[in-house]
Amino acid sequence: MADTTAEGPEGAAFPSGRTDRRWLERTVELSRECPPSATAFAVGAVVVGGDGQVVATGYSRESHPLDHAEEAVLAKIARDDPRLASATLYSSLEPCSTRSSRPRSCTELILASGIRRVVFAWREPDLFVDCVGAETLRAAGVEVVEIPELAARAREVNVRLFGA
């Protein structure tokens, strides 16, 4: 498969194809670093700038028991970082749209960051909440790419939540 580039909002170049899969594979690796939890998914996230360089990485519960991966990675980046406008946020799981443990969902944090492209592997199952993160991001004009071929790998890290 060829590594291609797609054009995003305002003509920004965004990676696609093999590059997206490579970064999503990295998010699954990061999710394996998560401290275990019986009430939360293990998720990894990477923000990659338009130049293809990693801006930051993060994973669930990285520095606090309530941290989500997207929240952890965005906390490492200055809010006015100019790289965010052309960055892609990769997550092993669809960004949450509902949150009981913190005032803002990951979807809200992504929208506030100015990131215009999100790629994820696994749709959040309705185990804890009914998630509409992908739909919310799309409705706000964010390009959302789901790569379900990698969902099984992300789910495998979380198999303990499903009683298996």
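Guide: Helices (H or I, at least four residues) and strands (E, at least two) are DSSP runs, numbered from the N terminus. This is a predicted model, where local features need pLDDT of at least 70, side-chain atom pairs count only at pLDDT 80 or more, and totals for chains, interfaces and linings use all residues. Residues are numbered from 1 along each chain as its sequence is written, and side-chain values use heavy atoms, with hydrogens and water left out.

Visitor: OK, which helices supply at least two residues each to the lining of the second largest pocket?

Guide: α2 (69-75) and α3 (106-113). On a 1 Å grid over the protein atoms alone, a pocket is an open set of points where a 1.4 Å probe fits, with protein on both sides within 12 Å along at least five of seven lines, and lining residues have an atom within 4 Å of a point. The lining includes E71, R79, R104 and S113.

Visitor: Switching topic: is strand β3 buried or exposed?

Guide: Buried, meaning under 20% relative accessible area (1.4 Å probe, protein chains only). That goes for 5 of the 5 residues of β3 (44-48), so the strand is largely enclosed by the rest of the structure. G44, V46 and V48 cover one side, A45 and V47 the other.

Visitor: Which strand does β3 form a hairpin with?

Guide: β4, with 5 residues between them; G52 in that turn has a positive phi of about 85 degrees. The two strands run antiparallel, joined by 5 bridges, where pairing takes at least two DSSP bridges. β3 also pairs with β5 (residues 88-93), antiparallel over 4 bridges. V47 stands opposite A56 in β4 and opposite L89 in β5.

Visitor: And how many aromatic pairs are there?

Guide: The search of the whole structure turns up 2. Rings of Phe, Tyr and Trp (its six-membered ring) pair if their centres lie within 6.5 Å; planes under 30 degrees apart are stacked, over 60 edge-to-face, the rest tilted. W23 and Y90 have ring centres 6.5 Å apart and planes at 35 degrees, so that pair is tilted. W23 is in helix α1 (residues 18-31) and Y90 in β5, so the pair ties together parts 67 residues apart in sequence.

Visitor: What about F41 and W122, how are their rings arranged?

Guide: Edge-to-face, because the planes are at 85 degrees, with centres 5.5 Å apart. F41 sits in the loop between α1 and β3, and W122 in strand β6 (residues 117-122), 81 residues apart.

Definitions and conventions:
Buried means under 20% relative accessible area, exposed over 50%, partly exposed in between (1.4 Å probe, protein chains only).
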